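Work through the exercises below with the coordinates open. Each task is followed by a solution in steps.

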Amino acid sequence: LLALVAGQDVEPADGSDGTDGRWRIAHRVAPDRVISVVDPEARHAHKSRERRQDGFKAHIVIEPDTGLTTAVAVTKASGPDNSDATVGAALLGTDVTIEPSGPAVEVLADSAYGTGEMLATLTKAGQVPVIKPWPTRPAVEGGFTADDFDFDPAAGTLTCPAGITRALSPKRRVTFGAACRDCPLQARCTTSKTGRKVQVHEHETLQREHRQRATDPDFQDTYRTHRPMVERSIAWLVRGNRRVPYRGVAKNNNWLHHRVAALNLRRLLALGLTQQDGTWKLA
């Protein structure tokens with residue numbers, strides 16, 4: 001394992017296949033990078049470019065009115081299969097408190113869960129996403145964002161603020177190229193000499209609709225109203241337990257389930273759980 005960890009950081013030198021002993025520091029990040037010789041399932045995690053954490057990632061589903069946790073999982077901290085949105089959608093699918101044929105459920109989450117795939121999964125399940133949308137960043141400070149370009153999914157085209165229309169490539173990329181050179185709006189759109197390029201997501205229409213809905217005061221009021229209880233439940237979970245006690249995903253996943261069960265019991269008692277006529281009831 002030590003050789004594996006060290007081997008992630010080197011690659012054969014130019015003109016070498018590695019058999020002649022000539023190696024150099026690799027100018028890349030190894031996929032599924034192993035970071036520990038004592039726990040090969042631990043990984044780097046990035047909350048932002050500046051904030052990095054090592055270890056594992058805990059995913060939880062919380063009922064925001066009561067603060068009870070209804071589903072949890074521990075995964076590796078990196079990799080597309082372990083992303084917040086991917087695991088979050090899977091947990092919602094296993095949450096027995098959500099009736100598949102019941103009324104629509106509002107799903108609150110921060111922007112890490114606001115992927116197009118997550119929105120599509122919730123919409124297909126008949127659930128209502130109340131998720132903080134990903135911010136749209138302009139190519140030029142204070143300039144046009146992707147939402148300023150008109151997208152026609154039926155025609156497969158994108159029209160820029162200057163009225164220039166281009167078709168999507170097979171990889172869903174649009175390049176305006178030479179049309180940007182003499183455009184009077186160029187200063188607000190791009191600094192690229194080859195013109196503005198826009199990547200159109202598979203669920204572009206859904207994401208745009210969600211960003212528009214997120215500006216509604218009712219959406220924002222719901223998000224602000226329920227967020228405090230969710231944050232409080234997370235605080236109860238991590239209090240004195242920001243470091244997992246075991247090695248590997250399986251053992252830490254079992255530990256988290258036991259901890260959540262204990263916290264749920266404590267929360268139920270605080271909500272007035274009592275035994276009446278041989279059954280448990282909330283006062």
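**Exercise 1: a bridge and its sheet**

Task: In the predicted model, find the bridge partner of Phe-56 in S5, then describe the sheet that holds S4 and S5.

Solution: 
- Step 1. Phe-56 has Lys-76 of S5 as its bridge partner.
- Step 2. Strand S4 covers residues 52-63, and its pairing with S5 is antiparallel, over 8 bridges.
- Step 3. The sheet is open and has 3 strands, ordered S3-S4-S5, with antiparallel pairing.
- Step 4. Strand S3 (43-46) and strand S5 (68-76) are the edge strands, each pairing on one side only.
- Step 5. Ignoring direction, neighbouring strands of this sheet are turned against each other by 45 degrees on average.

**Exercise 2: a helix on the strands**

Task: Which strands does helix H6 lie across, and at what angle does H6 run to S5?

Solution: 
- Step 1. Helix H6 is made of residues 249-270 and lies across S4 and S5.
- Step 2. The angle between H6 and S5 is about 165 degrees.

**Exercise 3: a second sheet**

Task: Determine which residue Phe-151 stands opposite in S9, and describe the sheet containing S8, S9 and S10.

Solution: 
- Step 1. Opposite Phe-151 stands Leu-158 of S9.
- Step 2. Strand S9 (residues 157-159) runs antiparallel to S8, and 3 bridges join them.
- Step 3. S8-S9-S10 is the strand order of this open, antiparallel sheet of 3 strands.
- Step 4. Strand S8 (150-152) and strand S10 (165-167) each have a single partner strand, so one side of each has no neighbour in the sheet.
- Step 5. From one strand to the next, the twist averages 20 degrees.

**Exercise 4: the whole chain**

Solution: 
- Step 1. The chain contains 6 helices and 14 strands.
- Step 2. For 283 residues the globule rule gives 19 Å, whereas the radius of gyration is 24 Å, well over that value; the chain is therefore more spread out than a compact globule.
- Step 3. The C-alpha trace spans about 80 × 60 × 30 Å along its principal axes.
- Step 4. Of the 283 residues, 36% are buried, where buried means under 20% relative accessible area.
- Step 5. Take contacts between residues at least 6 apart in sequence: 46% of them join residues at least 24 apart.
- Step 6. The chain has an accessible surface of about 17,800 Å², and carbon and sulfur atoms account for 54% of it.

Technical notes: Residues are numbered from 1 along each chain as its sequence is written. This is a predicted model: local features need pLDDT of at least 70, side-chain atom pairs count only at pLDDT 80 or more; totals for chains, interfaces and linings use all residues. Side-chain values use heavy atoms; hydrogens and water are left out. Two strands pair if DSSP finds at least two bridges between them. Helices (H or I, at least four residues) and strands (E, at least two) are DSSP runs, numbered from the N terminus. Axes are lines fitted to C-alpha atoms, for helices over the stretch in contact, and angles run from 0 to 180 degrees between N-to-C directions. Contact means heavy atoms within 4.5 Å. The radius of gyration is taken over C-alpha atoms; the globule rule is 2.2 Å times the number of residues to the power 0.38. Buried means under 20% relative accessible area, exposed over 50%, partly exposed in between (1.4 Å probe, protein chains only). Accessible areas come from the Shrake-Rupley method with a 1.4 Å probe; for residues, only the protein chains shown count as cover.
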